[in-house]
Amino acid sequence: MHQENVNMQDLNIDELSNIIIGCAIEVHRLLGPGLLESAYQECLLYEIKKLGLTVNKEISIPIVYKEVQLNHGYRIDLLVEDKIVIEIKTVEEITKVYTAQLLTYLKLGNFKLGLLFNFHVSMLKKVLKGSSTDGFYFPFFFSFYEFFVVLCETFEKLCVTFKFIPQRY
């Protein structure tokens, strides 16, 4: 049985980020590398919405300088639950420019957490995760085993939260 709508009030920001990372891995697993960022964005949007999370795309972020608000084309790829910024790339290598871009979005929007996904890889196993309060990014490397452990822990918490008992066949 699949739980369509999850009560997000019961999940902390790390649990939410783990769910999002799982969605990104699923998108990459099915599509592989080689598509445009917009294709991955639409598919990831679909996967996240399917779980009942609130997600918006192409959110404009203005720069506020003194009393002037400047709209200079800063756009967040995806914003989940008004907390987590997702930036999607399809590049050979993630450079400091991309992490600085995500950090800028976190600061301008006063968001707590950002995830940077590069879909132009053979296996999506490196996710840059950053916090606006820490002001730096630290890489998370997911082997299949590590991802499976995180997925199982998150599933277990969801089952406890919603009193769902999976049936064994």
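Accessible areas come from the Shrake-Rupley method with a 1.4 Å probe, and for residues only the protein chains shown count as cover. On that basis the protein chain has an accessible surface of about 10300 Å², of which 56% belongs to carbon and sulfur atoms. This is a predicted model, in which local features need pLDDT of at least 70, side-chain atom pairs count only at pLDDT 80 or more, and totals for chains, interfaces and linings use all residues. Residues are numbered from 1 along each chain as its sequence is written, and side-chain values use heavy atoms, with hydrogens and water left out.

Of the 169 residues in the protein chain, 38% are buried (under 20% relative accessible area, with a 1.4 Å probe and protein chains only). The chain holds 4 helices and 8 strands (DSSP runs, H or I of at least four residues for helices and E of at least two for strands, numbered from the N terminus). Their order along the sequence is α-α-β-β-β-β-β-α-β-β-β-α.

The axes of helices α1 and α2 come within 9 Å and cross at roughly 130° (lines fitted to C-alpha atoms over the stretch in contact, with angles from 0 to 180 degrees between N-to-C directions). That makes α1 oblique to α2, oblique being what is left after under 35 degrees (roughly parallel), over 145 (roughly antiparallel) and 65 to 115 (roughly perpendicular). The two helices touch through these residues (contact means heavy atoms within 4.5 Å):

| Helix | Residues in the contact |
|---|---|
| α1 (residues 13-31) | I20, C23, A24, E26, V27 and L31 |
| α2 (residues 37-50) | Y40, C43, L44, E47 and I48 |

Definitions and conventions: Buried means under 20% relative accessible area, exposed over 50%, partly exposed in between (1.4 Å probe, protein chains only).
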